[in-house]
4 protein chains.
Amino acid sequence: MKKLNIGIVGAGRIGKVHAQSIVYHIPEAQVVMVTDVVGAAAQALAEQYGIERWSTDYMDIVNAPDIDAVLVCSPTPTHADISIAAMKAGKHVFCEKPVDLTIEKIKETARVAQETGRKLQIGFNRRFDHNHGRVQQLAANGTLGNVEIVKITSRDPEPPSPEYAASSGGLYIDMMIHDFDMAMFLAGCDVDEVYATGVSIVDPRIGEAGDVDTAIVTLKFANGALGVIDNSRRAAYGYDQRVEVFGSLGMAAGENDGDSTVKVSTAAGVIGDKPQYFFLERYMASFIEEMKQFVAAVNHDTEVPVGIHAGLMSVVLAKAAKKSLDEHRPVKISEIVEG
Amino acid sequence: MKKLNIGIVGAGRIGKVHAQSIVYHIPEAQVVMVTDVVGAAAQALAEQYGIERWSTDYMDIVNAPDIDAVLVCSPTPTHADISIAAMKAGKHVFCEKPVDLTIEKIKETARVAQETGRKLQIGFNRRFDHNHGRVQQLAANGTLGNVEIVKITSRDPEPPSPEYAASSGGLYIDMMIHDFDMAMFLAGCDVDEVYATGVSIVDPRIGEAGDVDTAIVTLKFANGALGVIDNSRRAAYGYDQRVEVFGSLGMAAGENDGDSTVKVSTAAGVIGDKPQYFFLERYMASFIEEMKQFVAAVNHDTEVPVGIHAGLMSVVLAKAAKKSLDEHRPVKISEIVEG
Amino acid sequence: MKKLNIGIVGAGRIGKVHAQSIVYHIPEAQVVMVTDVVGAAAQALAEQYGIERWSTDYMDIVNAPDIDAVLVCSPTPTHADISIAAMKAGKHVFCEKPVDLTIEKIKETARVAQETGRKLQIGFNRRFDHNHGRVQQLAANGTLGNVEIVKITSRDPEPPSPEYAASSGGLYIDMMIHDFDMAMFLAGCDVDEVYATGVSIVDPRIGEAGDVDTAIVTLKFANGALGVIDNSRRAAYGYDQRVEVFGSLGMAAGENDGDSTVKVSTAAGVIGDKPQYFFLERYMASFIEEMKQFVAAVNHDTEVPVGIHAGLMSVVLAKAAKKSLDEHRPVKISEIVEG
Amino acid sequence: MKKLNIGIVGAGRIGKVHAQSIVYHIPEAQVVMVTDVVGAAAQALAEQYGIERWSTDYMDIVNAPDIDAVLVCSPTPTHADISIAAMKAGKHVFCEKPVDLTIEKIKETARVAQETGRKLQIGFNRRFDHNHGRVQQLAANGTLGNVEIVKITSRDPEPPSPEYAASSGGLYIDMMIHDFDMAMFLAGCDVDEVYATGVSIVDPRIGEAGDVDTAIVTLKFANGALGVIDNSRRAAYGYDQRVEVFGSLGMAAGENDGDSTVKVSTAAGVIGDKPQYFFLERYMASFIEEMKQFVAAVNHDTEVPVGIHAGLMSVVLAKAAKKSLDEHRPVKISEIVEG
């Protein structure tokens, strides 16, 4: 069987994760080139995983005739342009989230995908998590009846630097975007309206930088169900990632993953493991799985599991949440999409 | 030791609960009279628990010189008047929630309590629950650091009749009132602002009667923390009662109580008990404990554990939530209290 | 309805427990006399629970014409004689465990019960525990299929004094007797053979007094199933009481009860409650339930839930275990019963 | 860095597992040859994992000058001879368990390891399990105080064929051998005496073949602690693998691993995942880890984590257990080792 030839744009943390997934877990594909504006990073990644070619110019991947698919793992502002160039060159694309910080650019990317007929998968890896995926499955297969309430708790172990918070677009776009996508994934439909609260009580410098670090957002789904997401930039006990779906026939809820199931009973209490520390520990299996499914979708010409609609709606919700916070009122999704 | 002599107004379900608590669990008190507008109900309760006197007129309790304290367990519209009459007659009062459906009447009741110097305890029994109380203790004693997020899940096993929903004042006042009080209890401070969503998706007749059956309400506390409550009128798996407090040093969260800790592992999965069915099963110990503390507060002339401020603020929040739903915007508490 | 008139012999810890159960929880019965060789103890108990008569001579209960049933809560060596005297005087008997330390005396007690036709219930309260009872129910109703393995963990929070260990008859009779009864209750049949290990590693003085403080005993049941019990005199985390039944269709296993279901997540881990401290906390509900069922068996002339066969076999197993330890070999039950 | 060159003898299930571990997870090593008496099996494995050479004669590996280490994954009766030949040829050896069914052959293998100075690691993979390893760590680092009781539950999801049971040497050697090793690993010392029970109640044909399918074995450790292992050939709910260590300061206990942490609450109860199905699912990470540590021990010339003493003692305990069952008495380990 011919292996799918993949090029990776961006040799940072997430580029490495995908390279590792392909080399160690996906015999149906191989990474043949990696690029990064920092040449040393590209070279290091290439050497670590035995990738033959590296360069500092992503157009080397776009123009390579032997490359079938491109993983866009570069900084956010470049996602759309690289994805578009790659699709126009006939390549299938896996693009990290968010696709872009503007609705226009995401729509343009969507248009190119449609015109070129190329696969375009967005990197919402959490959909492939064993816990969240199981909850979604139970919601989708009818075990829970009609979905009525979706609840997501998502808290990071430690806050980013205030500088990051100032430049990232803020909590709703850099952190809650995963949860917006998860909410729609679990509910099985889009959101109609958003109401956002948010405060800066973890680190005052985050507030001074214009961002919030603690937030609760309420959702109304198109099918009449309700949802709520709570985020914190700092959970003292680690990375808290739990989802719950409540329906007319029951509830499915996942607990955090620890490193073991062991409980220690002493005079101090019955003590279990903390949640696994952060996303590289917690979600590694989901990164592998999303890449497997991308490779399979290309190889078998089937639909990608996470398409551009998810890429668009997650950013729309983040923008609606920010607008809701700024204007202190519930915001309709239609205000953003059509705005 | 002289026993505290107690009169109970109202021989319905909750009157019986309190009678039973006193007879079986509180040797420092005794029930000496019970009244109910339905004489047969008063008589039956008196016979069941060996109470010497019964009548159809609560004024018989108010005027009885040997009665020290009155439990007001009659229908909501009579709570305030009976409490006021009893306090003016020199009796201490335990009043079921809500004190009244109007802010004015609650404030008047508060004034009488202050003027007469009588004890006035409000029946928020869930504060005395072993799980919720433990979470509050951990929040109050600093184990969790600064409180940042309060989450309450509260779902009934089955919906009331549409007629009840139409006459009760609605979900926010007849059901979520407990959760509003719990939220302030856990956060250790009052609420500043409320945003309410609510839909009727469990039973359309509830919607036709003008009420909601599924609701999520977001809270901003005076100390800057955020809160969220979700309610459903119908959980297929029973009475779902969970609270969680997240703070700068950690999180405390309670699970539901089942009838046993037994897990059955078969080819079908690992199956544990459902939550205990409804409030009489789940909260019986808390009813006993609130009554013990009321009797102790009277006997030792100490402060009651749940005062009229809690009675007032819980109704204020319910009204704010209803206004928020009706006007589709966040509502400040000050709009209600001062309105 | 006429109340069952009960006399309690022995005003110690367990006598008080039963008095409290009857006074507070069993309206169908009343305690009318209590005796104790220590008069002050009898008097104190009588006053605490409003019992009209007390004395230092248990024959005052045996001879009282208005007394229907006797609770034998005196020291072990007196159990059989008092039970026999009471039954011969026409009274029903609830006798604490062990019935006696000799097989002969237990058999004699059984004979008298049969001859007089009086009810004779033995105080194996753990059968009425919500967790253990639930496991037994699942075994008995076929959910687990054929019972194949029974496992019991039973550990006390702290060791008794070495003096107690020296005089009690030792761990197998004073502590594991409960577990022997539980094993037969769960398996639904008697035991054929016992193999006992036991060491003194908790407190060397217990070993010097001739007893063990840590023990594992293997059982072969008459139906071919296997069982194992482990005991320790000291569990640093409290009273560890867990049972497990494994059968051809699955397994049922109970966890310990804590004071709450709350888990605290901090940088130190996810911490839950320790098991409730000791038997008065852990098993109080079971003490009430066994007494309710004794009263019901007498009042409705139905079979008692725990008869003298259980009283006999538990002591037989304890003796077999001691013999196994002493002779360092498996011991058949028939060696003891017929010996 | 030069990679460690590995040859694998035996292309069956466990040979494949180790090949996969090395290819996907251990960049410091590579498989350069595989042999199997069934040539097609060797060839298939070679092709699947890109191994350059294959053959039907393990001596091709023994004699290959470029091979540094040999994984002995052939049938049990050949383990010792192949290991000895490989060590004599200067190769390091990883040998699957049991090393041999005779004490003499294991001792001979140990002698050759000592004389040649080659590394010899035995395949007790469960020591590297995240749950069991965590319990051992807590026992070894003093958190639990002095170890007093070790409990191991180990049940397979379905029984082997009666033919297998007849030829494997029986449950104690083919199944409980893992648990014997685990017991000594957890206790941190050897066993002095064994008492075994065993019955055939799962499948009568297993009994007719001379084996048992349900067994409980009690252990006395050299340090005075007690232990117990229960085994069943068939657990209706899957592969049940739990260990517990109880010590003077507390207890550590692991629960089974499921595929997710999700619990589904419906009218039927609160349902969680069954244990992962069998050892390939449950212990895959431990297979990878044992191989990583073997490669590291060779590469850095450090001690292997599981030496020949463990290989010897596990078989000794299995033989002692069989003798105990046959002779219906406790058996000293010294009877076997010196026998």
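## Helix packing in chain A

In this predicted model, helix α1 (residues 13-25) of chain A packs against helix α12 (residues 284-299) of chain A at an angle of about 70°, and their axes lie 9 Å apart. That angle makes α1(A) roughly perpendicular to α12(A), because values from 65 to 115 degrees are counted in that way. The crossing of α1(A) over α12(A) is right-handed.

The residues that meet can be named on both sides. From α1(A) come A:Ile14, A:Val17, A:His18, A:Ser21, A:Ile22 and A:His25, and from α12(A) come A:Met284, A:Phe287, A:Ile288, A:Glu290, A:Met291 and A:Lys292. Sorted by class, this contact of α1(A) with α12(A) has 7 nonpolar, 3 polar and 2 charged residues.

A second pair in chain A is arranged at another angle. The axes of helix α4 (residues 76-88) of chain A and helix α5 (residues 103-116) of chain A come within 10 Å and cross at roughly 10°. Angles under 35 degrees count as roughly parallel, and α4(A) is therefore described as roughly parallel to α5(A). In this contact, A:Ala80, A:Asp81, A:Ser83, A:Ile84, A:Met87 and A:Lys88 of α4(A) meet A:Lys105, A:Glu108, A:Thr109, A:Val112, A:Ala113 and A:Thr116 of α5(A). By class, the contact of α4(A) with α5(A) has 5 nonpolar, 3 polar and 4 charged residues.

In helix α2 (residues 39-48) of chain C, the residues C:Gly39, C:Ala42, C:Leu45 and C:Ala46 are buried. They span an arc of only 135° around the axis, which places them on the same side of α2(C). An α-helix has 3.6 residues a turn, so residues three or four places apart point the same way.

The buried residues of α2(C) are covered by elements that include α1 (13-25), β2 (29-35) and β3 (53-55) of chain C. On the face of α2(C) turned away from the buried side are the exposed residues C:Ala40, C:Glu47 and C:Gln48. Just after α2(C), C:Gly50 has a positive phi of about 65°.

In chain B, helix α2 covers residues 39-49, and its buried residues are B:Gly39, B:Ala42, B:Leu45, B:Ala46 and B:Tyr49. Viewed down the axis of α2(B), these fall within an arc of 135°, so they line one face of the helix. They pack against α1 (13-25), β2 (29-35) and β3 (53-55) of chain B. The face of α2(B) turned away from the buried side carries B:Ala40, B:Glu47 and B:Gln48, which are exposed.

## A buried histidine in chain B

B:His178 belongs to helix α9 (residues 176-187) of chain B. Is this residue buried or exposed? Its relative accessibility is 11%, and the limit for a buried residue is under 20%, so B:His178 counts as buried. Apart from its neighbours within four places in sequence, B:His178 is in contact with B:Lys97, B:Gly123, B:Phe124, B:Asn125 and B:Arg126. B:Arg329 stands 151 residues from B:His178 along the chain, and the C-alpha atoms of these two residues are separated by 23 Å.

## Backbone features in loops

Most residues other than glycine have a negative phi, and most peptide bonds are trans. The table lists residues that depart from this pattern.

| Residue or bond | Backbone feature | Value |
|---|---|---|
| A:Lys97 to A:Pro98 | cis peptide bond | omega near -10° |
| B:Lys97 to B:Pro98 | cis peptide bond | omega near -10° |
| B:His328 | positive phi | near 55° |

A:Pro98 lies in the loop between β5 (92-95) and α5 of chain A. B:Pro98 is placed in the loop between β5 (92-95) and α5 (103-116) of chain B.

A:His328 occupies the loop between α13 (308-327) and β15 (331-332) of chain A, and its relative accessible area of 35% makes it partly exposed. B:His328 is found in the loop between α13 (308-327) and β15 (331-332) of chain B. With a relative accessible area of 33%, B:His328 is partly exposed.

Conventions. Residues are numbered from 1 along each chain as its sequence is written. Chains are lettered from A and ligands numbered from 1 in the order in which they are written. This is a predicted model: local features need pLDDT of at least 70, side-chain atom pairs count only at pLDDT 80 or more; totals for chains, interfaces and linings use all residues. Side-chain values use heavy atoms; hydrogens and water are left out. Axes are lines fitted to C-alpha atoms, for helices over the stretch in contact, and angles run from 0 to 180 degrees between N-to-C directions. Helices (H or I, at least four residues) and strands (E, at least two) are DSSP runs, numbered from the N terminus. Angles under 35 degrees count as roughly parallel, over 145 as roughly antiparallel, 65 to 115 as roughly perpendicular and the rest as oblique. A crossing is left-handed if the near helix is turned anticlockwise from the far one by less than a right angle, and right-handed if clockwise. Contact means heavy atoms within 4.5 Å. Ala, Val, Leu, Ile, Met, Phe, Trp, Tyr, Cys and Pro count as nonpolar, Asp, Glu, Lys and Arg as charged, and the others, Gly among them, as polar. Buried means under 20% relative accessible area, exposed over 50%, partly exposed in between (1.4 Å probe, protein chains only). The arc is that of the directions from the helix axis to the C-beta atoms.
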